[in-house]
Amino acid sequence: VWAGNAFQKEILTLEEFAWFYSIYATARRPSQIRALRLCDLLIKSNDNEVIYELNIPRAKQRNGGFREEFTSLKITEDIYLVLKNLTEIVRKKAKMHLPELTELELAQLPIFINFSRFHECKNIHEFKTILKQTPDYFHCSSAEANYMSQVISRKCKAVSERTGDYIHFTPIRCRRTRATNLSRHGITGVQLAHLLDHSDTQQLKVYTAHTGELALRIF
């Protein structure tokens, strides 16, 4: 609620709001959100039903490379529209710099793009070469993503009901909150691993070890 209001009042930029919303709604790692491209945002029609999906690249997979494995995640219309607006801005700015970009090439642009690196490309040939040799070159860096999270956290005026202080926004907090809430609803083991995009259950204790203690404290 705070983030939506902050975006409407232009306290949060569209990119900041999209970053916050993506992390909050999907509970995925920042590296996965940074790896998103325009082609990963999908809309489908099925039996008079509109389905919104986000193909999220997997991370921390054994022998897995950049954007080699994906998990399809259904999303709400709200987050779809936020990300769609951001992709349109990326598309427009990219066409202004390199007008010869085709739709297929535009689809390979990152949603969270590093425009300073993109603007280094003098022509379409350079763009294709960099994209092939260093596929993550145009994506927002880890340092940039961390800084954006810090900026959002500093702006945040949402108050915790438990502590009475402003909520400190971090991606890991969203992920742990999602895991805790799922555990409280009886979702554990392989099911929980799947929802958190883990290949196995070995690391789940990192997120759920203190669930009982937290539940009692909140109760």
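# Rings, sheet and burial in a predicted model

Visitor: What separates Phe20 and Tyr24 in helix H2 (residues 14-26)?

Guide: This is a predicted model, in which local features need pLDDT of at least 70, side-chain atom pairs count only at pLDDT 80 or more, and totals for chains, interfaces and linings use all residues. Residues are numbered from 1 along each chain as its sequence is written, and side-chain values use heavy atoms, with hydrogens and water left out. Helices (H or I, at least four residues) and strands (E, at least two) are DSSP runs numbered from the N terminus. Because Phe20 and Tyr24 are 4 residues apart within H2, their separation is about one helical turn.

Visitor: How are the rings of Phe20 and Tyr24 arranged as a pair?

Guide: Rings of Phe, Tyr and Trp (its six-membered ring) pair if their centres lie within 6.5 Å; planes under 30 degrees apart count as stacked, over 60 as edge-to-face and the rest as tilted. The structure holds 12 aromatic pairs. For Phe20 and Tyr24 the centres are 5.9 Å apart and the planes are at 5°, so the pair is stacked.

Visitor: Is Phe20 buried or exposed?

Guide: Buried means under 20% relative accessible area, exposed over 50%, and partly exposed in between (1.4 Å probe, protein chains only). Phe20 has a relative accessibility of 15%, so Phe20 counts as buried.

Visitor: How many residues apart in sequence are the parts that Phe118 and Phe138 tie together?

Guide: Phe118 and Phe138 form an edge-to-face aromatic pair, 5.9 Å centre to centre with 75° between the planes. Phe118 lies in helix H6 (residues 115-118), whereas Phe138 is in the loop between helix H7 (124-133) and helix H8 (142-155), so the parts tied together are separated in sequence by 20 residues.

Visitor: Which ring has the charged end of Arg117 over it?

Guide: Ring pairs link Phe115, Phe118, Phe127, Tyr137 and Phe138 into a cluster. A charge sits over a ring if NZ of Lys or CZ of Arg is within 6 Å of the ring centre and within 35 degrees of the ring normal. The charged end of Arg117 is 4.5 Å from the centre of the ring that it sits over, which is that of Tyr137.

Visitor: How many disulfides does the structure hold?

Guide: A disulfide here is a pair of cysteine sulfur atoms within 2.5 Å. Cys121 is buried, at 0% relative accessibility, and Cys140 is buried as well, at 5%. The number of disulfides in the structure is 0.

Visitor: What is the average twist from one strand to the next?

Guide: Two strands pair if DSSP finds at least two bridges between them. An open sheet is formed by 3 strands in the order E1-E2-E3, with antiparallel pairing. Strand E1 (41-46) and strand E3 (70-75) each pair on one side only, which makes them the edge strands. From one strand to the next, the twist averages 35°.

Visitor: Which residue in E3 is the bridge partner of Tyr52?

Guide: Strand E2 (residues 49-57) runs antiparallel to E3, and 6 bridges join the two. Within E3, Tyr52 has as its bridge partner Ile75.

Visitor: Which residue takes a positive phi in the hairpin of E1 and E2?

Guide: E1 and E2 pair in the antiparallel sense over 6 bridges. Lys44 stands opposite Ile51 in E2. The hairpin has 2 residues between the strands, and the positive phi, near 50°, is taken by Asp47.

Visitor: At what angle to E1 does helix H4 (residues 77-97) run?

Guide: Axes are lines fitted to C-alpha atoms, for helices over the stretch in contact, and angles run from 0 to 180 degrees between N-to-C directions. Contact means heavy atoms within 4.5 Å. Helix H4 lies across E1, E2 and E3, and its angle to E1 is about 130°.

Visitor: Which residues is Ala6 in contact with, leaving aside its neighbours within four places in sequence?

Guide: Ala6 is found in helix H1 (residues 2-8) and is buried, with a relative accessible area of 2%. Its C-alpha atom is 8.5 Å from that of Phe17, 11 residues apart along the chain. Outside four places in sequence, Ala6 is in contact with Ile11 and Leu12.
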